[in-house]
Amino acid sequence: MYPRGYLTELAATKATLRRRITEHRAGCAENAARVFRPLAWVDLAVDLWRQTPLLGKLAAIPLGFLAARTASRHAGTVRRWLHWSSLIFGALRQFSGR
């Protein structure tokens, strides 16, 4: 039906295309892993927070204020971090459904 040379050429083109697709998929997987790495850190932090006993969570609030007071030279940065961390934890609580 088809000449043998044409089929050989098609097979070579198919092999090249498959190799390029495989390389592209590997690159996409590497890029996705790089993009989602910070989300994995956030997920780990949320898991650690959930595993923290209630007393530890209650102690974290005054300890945060104490850290802000003792680091008066950088108090603006610490207060900003405390402000944003409460906002982030509240948003994470909303997304987790708990």
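## The second largest pocket

Val42, Ala45, Trp81, Trp84, Ser85, Ile88, Phe89 and Leu92 line the second largest pocket of this predicted model. A pocket here is an open set of points on a 1 Å grid over the protein atoms alone, where a 1.4 Å probe fits, with protein on both sides within 12 Å along at least five of seven lines; lining residues have an atom within 4 Å of a point. The space in the second largest pocket is about 150 Å³, a volume being the space filled by probe spheres set on the points, which are joined across faces, edges and corners.

Six residues of this lining, the largest share, come from α3. Seven are nonpolar, one is polar and none is charged. Ala, Val, Leu, Ile, Met, Phe, Trp, Tyr, Cys and Pro count as nonpolar, Asp, Glu, Lys and Arg as charged, and the others, Gly among them, as polar.

## The largest pocket

The largest pocket holds about 540 Å³ of space. Its lining has 17 residues, and Trp49, Ser85, Ser86, Phe89 and Arg93 are the closest to its centre. With eight residues, α3 gives the most to this lining.

## Helices

The protein has three helices and zero strands; helices (H or I, at least four residues) and strands (E, at least two) are DSSP runs, numbered from the N terminus.

## Basis of the model

Residues are numbered from 1 along each chain as its sequence is written. In this predicted model, local features need pLDDT of at least 70, side-chain atom pairs count only at pLDDT 80 or more, and totals for chains, interfaces and linings use all residues, while side-chain values use heavy atoms, leaving out hydrogens and water.
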